[in-house]
Amino acid sequence: AGYETYLVVCGEEDEVNMALGSVYEGRGNYRMSDYFYHEALKTVAPDNKRMLNAIYSRMATLKLSVDPEESRQWNEKCRQLNYDNINYQQLYHFIDAATQFFLGNYEAFNKAFNEYMAFKEENKNKVDDYGLFTINTMKLAVDGNYDEALGNIPRTVSCGDISLITSLDLK
């Protein structure tokens with residue numbers, strides 16, 4: 001009954017599935033999150049670039065540390081939509097660098113890191129610092145500054161990047 005009620009309030013099945021995917025992701029239930037993002041993908045109108053970008057970017061983020069190759073594929077789908085949204089462009093650059101990190105391709109990571117930083121500089125008055133803390137910590141690890149990278153992580157982190165940060169000590 002909750003799904004149907006939410007559908008009445010929200011109006012669109014893809015939006016309901018997307019919202020449920022986000023709720024499950026926020027609670028750490030990535031299997032159910034993945035399920036509802038895929039359900040959203042099944043019900044979204046093919047010309048709804050806003051929702052397609054949202055689904056692709058959430059899937060890219062969800063798969064980042066567990067399946068970086070799949071994450072890269074979702075990220076590429078997001079980029080191919082050519083949706084003129086600077087926040088998606090920023091997310092694309094971040095995920096591009098992070099997937100290279102998790103794939104262990106540090107030469108490609110350094111290239112993507114530089115592209116991310118150049119994008120941030122070029123758009124410094126238009127974008128926030130999403131991913132900056134994580135990508136800088138990854139850069140420290142790639143450069144072999146492991147103690148500094150681990151010391152860079154505060155005891156309590158209240159950002160969405162925590163799942164990425166905690167995997168740094170595995171590398």
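A residue counts as buried when its relative accessible area is under 20%, as exposed when that area is over 50%, and as partly exposed in between (1.4 Å probe, protein chains only). This is a predicted model, in which local features need pLDDT of at least 70 and side-chain atom pairs count only at pLDDT 80 or more, while totals for chains, interfaces and linings use all residues. Residues are numbered from 1 along each chain as its sequence is written, and side-chain values use heavy atoms, with hydrogens and water left out.

View 1. Helices (H or I, at least four residues) and strands (E, at least two) are DSSP runs, numbered from the N terminus. Of the 171 residues in the protein chain, 43% are buried. Among contacts (heavy atoms within 4.5 Å) between residues at least 6 apart in sequence, 53% join residues at least 24 apart. The accessible surface, from the Shrake-Rupley method with a 1.4 Å probe, comes to about 9,600 Å², and carbon and sulfur atoms hold 49% of that surface.

**View 2. Glu-25 and Arg-58 form a salt bridge.** The term means a side-chain nitrogen of Lys or Arg within 4 Å of a carboxyl oxygen of Asp or Glu. Here the closest N and O atoms are 2.3 Å apart. Glu-25 belongs to helix α2 (residues 13–26) and Arg-58 to helix α4 (residues 49–62), so this pair ties together parts that are 33 residues apart in sequence. Glu-25 is buried at 13% relative accessible area, whereas Arg-58, at 25%, is partly exposed.

**View 3. Lys-63 meets Asp-34 in a salt bridge.** The N to O distance is 3.1 Å. Since Lys-63 sits in the loop between α4 and α5 (68–80) and Asp-34 in helix α3 (residues 30–43), the pair ties together parts that are 29 residues apart in sequence. Both partners are worth a look for their cover: Lys-63 is buried, with a relative accessible area of 16%, and Asp-34 is buried at 17%.

**View 4. Glu-115 and Lys-111 pair up within helix α7.** Their side chains form a salt bridge with an N to O distance of 3.0 Å. The two residues are 4 apart, about one turn of the helix, which spans residues 106–122. Glu-115 is partly exposed, with 32% relative accessible area, and Lys-111 is exposed, with 55%.

**View 5. A search of the whole structure finds 10 salt bridges.** Side chains of opposite charge can pair when their charged atoms come close. Among the salt bridges is the one between Glu-25 and Arg-58.
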